[in-house]
Amino acid sequence: MSAPAPVLVFGDLAEGDILPSLHHDVSATTVVLGALATRDWRPMHHDKDFALERNGTRDIFLNTPNQAAWFERYITDWTGPHGRMGRVTFRMRDSVFPGDTMVLDGVVSELAVDDTGCGWVGLDITLSVDGDVKSTCTARVALPVDDDDNPWHRSADRWKP
Amino acid sequence: MSTVIEDVRILIGVPQYEETGEFPVERSYVWTMCAAVENGNPLFWDDAVAKELTGGPIAPPTMLSVWFRPHHWAPGRTEEHLPLKVHFDLKERLGLPEAVMTDNTIVFYEPVRPGDVLTTRQILRSVSDEKTTKLGTGRFWVIDVEYANQKGETVGVESYTGFGYRRGSDAKASTS
């Protein structure tokens, strides 16, 4: 089989482009599934009584590596499978609880082709609930520069994340 | 005679706490993770696409730290396993009871693949002079956690910026 065509190529983009929003209703299951998938057994991510009494929060809350996985899903939903993440920076400001509807929004902040010919997209992403930003993520993602390019084929000196 | 901060700064650039993951990277965790966040990226679900694009199945890049979280219980284990030990060492040695992580950056290199046996090590990169923020008085530090596969290839580097501090009211104690 031949490789699938890229969903998105570098030349399609302009700085300031807006990514489609992602809305997700967070349930206790969302929190617990993500905590266990990331092997985070700490009780504030599955035991509501513990979270209330020991953390002083109103409920269990999303753990950081689970949020990272949500950001990754948000980015690659947009890029398709050719999109290869190079670098991400997270800042967690506030917690996300069951009952919250989390909304991920993103904007293309930077476009650059490096000296190896790799096309890099800078993204500024926010995770918010009721308009309040709970976490931010800046990402640097490689996209194909044309239909024949594949960032996953880069390594060593040709991969400068 | 050297001061505590000089002793701590000797460790800058020195790899510490090298360890191997408790289990090889496995696909069932990949699927559990993708299911938890409804990630339909065909790289993780469609072997033909993975073969074409990535030379076979890979794990989601952001799962890097997952492969090192210890089992909740293991036979014979008596001590709690603390991730990011260098961070806790610094708090203790510098006498800073509180700490926050201000940000976390992950840089991805070679893809992580099912079956990989990963190793990790922690490297202190910097410790600031004393600074006062709204939280209290203390120091910022940067710790890199490097991850490599069984071929010795770097698969990723996480950088954590931490701020260890004393709360405002007892901040004076840290001026020595």
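Ser65(B) lies in the loop between helix H4 (47–54) and helix H5 (85–94) of chain B; helices (H or I, at least four residues) and strands (E, at least two) are DSSP runs numbered from the N terminus. The model is predicted: local features need pLDDT of at least 70, side-chain atom pairs count only at pLDDT 80 or more, and totals for chains, interfaces and linings use all residues. Residues are numbered from 1 along each chain as its sequence is written, and side-chain values use heavy atoms, with hydrogens and water left out.

Ser65(B) has a relative accessible area of 12% and is therefore buried (under 20%; exposed is over 50%, partly exposed in between; 1.4 Å probe, protein chains only). Apart from neighbours within four places in sequence, Ser65(B) contacts Tyr147(B) and Glu158(B) (heavy atoms within 4.5 Å).

| Item | Value |
|---|---|
| Residues of chain A in contact with chain B | 38 residues |
| Residues of chain B in contact with chain A | 38 residues |
| Area buried between chain A and chain B | about 3,300 Å² |

Buried area is the accessible area (1.4 Å probe) that two parts lose on being put together, summed over both. Carbon and sulfur atoms give 59% of that area.

One salt bridge is counted between the chains: the side chains of Arg91(A) and Asp103(B) meet at 3.2 Å, N to O (a Lys or Arg side-chain nitrogen within 4 Å of an Asp or Glu carboxyl oxygen). Helix H1 (28–37), helix H3 (64–79) and strand E2 (84–92) of chain A each give two or more residues to the side that touches chain B.

Note on methods: Chains are lettered from A and ligands numbered from 1 in the order in which they are written.
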